[in-house]
Amino acid sequence: MAKKLEDMSLEELWQLFPIFLEEHNKDWTAWYVEESRRIQSFLPANQLYKMHHIGSTSIEGIWAKPIIDILLEIPRTEDMDSIKRELLEHGYLLMSESEGRMSFNKGYTLQGFAKRVFHLHLRYYGDHDELYFRDYLKDHPAVAKDYEQLKLILWKKYEHNRDAYTEAKTGFIRQYTQKAQKLYKRRYDNKLA
């Protein structure tokens with residue numbers, strides 16, 4: 001009897017879905033646009049505040065895991081569980097949830113990664129530090145290259161341990177997110193409470 005992804009241990013999942021990086025692919029932006037339009041086609045407009053392409057695939061010129069990260073911000077008045085149900089009905093898998101946050105993925109199969117893989121981060125409006133980090137890297141290509149080098153070093157070390165790979169990048173991300181927040185002040189925090 002074949003296992004389901006949700007029945008696999010973390011170690012089994014890390015073996016099936018290892019960390020791997022590739023050169024920037026110009027198609028990643030188009031994949032984000034297509035998927036964001038697809039999401040907008042099934043979620044009611046009042047449940048959407050804004051969608052953003054985040055993560056390394058949104059930074060031109062640096063190596064990245066070929067996984068499109070999407071940040072979906074919703075108004076604080078909306079029910080996150082109803083959006084969760086819609087996303088599950090439309091092919092997303094819930095990976096984790098905590099207070100005011102849910103993470104989904106799409107493109108993970110029992111045979112490994114599909115051609116297009118997405119991580120969707122569902123948050124209430126204003127919970128978006130990733131935007132500051134993304135913009136800082138876009139505006140500071142030397143820092144983006146430093147981030148790329150860090151990821152290339154960590155790739156082989158943590159190829160089959162996604163949590164350790166993510167944790168090892170945290171200090172770098174935090175440092176430049178804080179710089180970006182000071183530099184850009186409240187760039188994203190001026191609408192919709």
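1. I67 lies in strand β2; strands (E, at least two residues) and helices (H or I, at least four) are DSSP runs numbered from the N terminus. At 5% relative accessibility, I67 counts as buried, a term that means under 20% relative accessible area with a 1.4 Å probe and protein chains only.

2. The model is predicted, with local features needing pLDDT of at least 70 and side-chain atom pairs counted only at pLDDT 80 or more. Residues are numbered from 1 along each chain as its sequence is written.

3. Leaving aside neighbours within four places in sequence, I67 is in contact (heavy atoms within 4.5 Å) with T57, Y108, F113, V117, F118, H119 and R162.

4. Helix α4 (residues 129-139) and helix α5 (residues 141-157) have axes that come within 5 Å and cross at roughly 110°. The two are therefore roughly perpendicular, the class for angles of 65 to 115 degrees. On the α4 side the contact includes F133, Y136 and L137, and on the α5 side P141, V143 and Y147.

5. L131, Y132, F133, R134, D135, Y136 and L137 of α4 are buried. Their cover includes β1 (50-54), β2 (67-74), α5 and α6 (162-184).

6. K151 lies in helix α5. Not counting residues up to four places away in sequence, K151 touches L21, S56, W63, A64, Y165 and K169.

Key
Side-chain values use heavy atoms; hydrogens and water are left out. Axes are lines fitted to C-alpha atoms, for helices over the stretch in contact, and angles run from 0 to 180 degrees between N-to-C directions. Angles under 35 degrees count as roughly parallel, over 145 as roughly antiparallel, 65 to 115 as roughly perpendicular and the rest as oblique. Buried means under 20% relative accessible area, exposed over 50%, partly exposed in between (1.4 Å probe, protein chains only).
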